[in-house]
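Here are some friendly notes to read beside the model. Please keep the viewer open as you go through the points.

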Amino acid sequence: MMSFFDEMASTISAAGKQTYRAAKEASEIGKLRWKISEEDRKLKHRFARFGVLCYASAKDGSERDLSEEIAEIDAQKQKLADLKVRLSELKNEKKCPNCGSTSAFEDAFCRKCGTAFEAENEEV
Ligand SMILES: [Zn+2]
């Protein structure tokens, strides 16, 4: 049979685990924010480089193939979008596909425009 002290000890350790989990999530969010700003910086860098290439080819009238740069930019944009989705999930939010505003993850409809969210795979 569990003594009073055993019970108290297990309650305290459960609370500790909860705090640990919250702290871990907070640090995940922090890491993700940092990663997003880093990837955003890379994207801006790619755009700047793209601008320079466009300028150069427009100036000398040369036909430059920029498809590789465009593909790189698109991949970078996708990477950034994925990270932002991940951040929303961690923050327990989701983005409206219609207006782009943020609602709580459990909401069935957008808080701003009322668009119905598609039923997702619920994690219970
Ligand atoms: Zn909306």
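1. What you are looking at. This is a predicted model, in which local features need pLDDT of at least 70 and side-chain atom pairs count only at pLDDT 80 or more, while totals for chains, interfaces and linings use all residues. Residues are numbered from 1 along each chain as its sequence is written. The mean pLDDT (the predictor's confidence in each residue, from 0 to 100) is 88 for the chain, and 94% of the residues score at least 70. Confidence is highest in helix 2, at a mean of 94, and lowest in strand 1, at 87.

2. Elements and their order. The chain has 2 helices and 2 strands, where helices (H or I, at least four residues) and strands (E, at least two) are DSSP runs numbered from the N terminus. Read from the N terminus, the order is α-α-β-β. The radius of gyration, taken over C-alpha atoms, is 23 Å, well over the 14 Å that the globule rule gives for 124 residues, so the chain is more spread out than a compact globule. That rule is 2.2 Å times the number of residues to the power 0.38. Along the principal axes, the C-alpha trace spans about 85 × 35 × 20 Å.

3. Helix 1. This helix covers residues 4–59, and its 56 residues should span 82 Å at 1.5 Å a residue; the end C-alpha atoms are 82 Å apart, which agrees. The expected span is 1.5 Å times one less than the number of residues. Lys24 is found in helix 1, and the C-alpha atoms of Lys24 and Ala48, 24 residues apart along the chain, are separated by 36 Å. After helix 1 comes Gly61, with a positive phi near 65°.

4. How much is covered? Of the 124 residues of the chain, 1% count as buried. A residue is buried if 20 or more other C-beta atoms lie within 10 Å of its own, exposed if 12 or fewer, and partly exposed in between, with C-beta atoms placed from the backbone. Helix 1 is hardly covered, with a count of 0 buried residues among its 56. Lys24 counts as exposed because it has 10 C-beta neighbours inside 10 Å.

5. Helix 2 and its partner residues. Helix 2 (residues 67–90) has 24 residues and reaches 35 Å from its first C-alpha to its last, close to the 34 Å expected at 1.5 Å a residue. Ala81 lies in this helix and is exposed, with 11 other C-beta atoms within 10 Å. Although Ala81 and Asp40 are 41 residues apart along the chain, their C-alpha atoms are separated by 10.0 Å. Returning to Leu90, this residue is partly exposed, with 15 other C-beta atoms within 10 Å. Leaving aside residues up to four places away in sequence, Leu90 touches Glu25, Glu28, Ile29 and Leu32; contact here asks for C-beta atoms, placed from the backbone, within 7 Å. By contrast, the C-alpha atoms of Leu90 and Arg41, 49 residues apart along the chain, are separated by 22 Å.

6. A residue worth a look. Which residue just after helix 2 takes a positive phi? It is Asn92, at about 65°, although Asn92 is not a glycine. Most residues other than glycine have a negative phi. Asn92 is found in the loop between helix 2 and strand 1 and is exposed, with 10 other C-beta atoms within 10 Å.

7. The strands and their loop. Pro97 lies in the loop between strand 1 (93–95) and strand 2 (102–104). Pro97 is exposed, with 10 other C-beta atoms within 10 Å. Pro97 and Phe117 are 20 residues apart in sequence, and their C-alpha atoms are 8.2 Å apart in space.

8. The chain is divided into domain 1 (4–91) and domain 2 (93–124), with bounds that come from an automatic or database domain assignment. The C-alpha centres of domain 1 and domain 2 lie 21 Å apart. Among contacts in the chain between residues at least 6 apart in sequence, 40% join residues at least 24 apart.

Terms used
Two residues are in contact if their C-beta atoms, placed from the backbone, lie within 7 Å.
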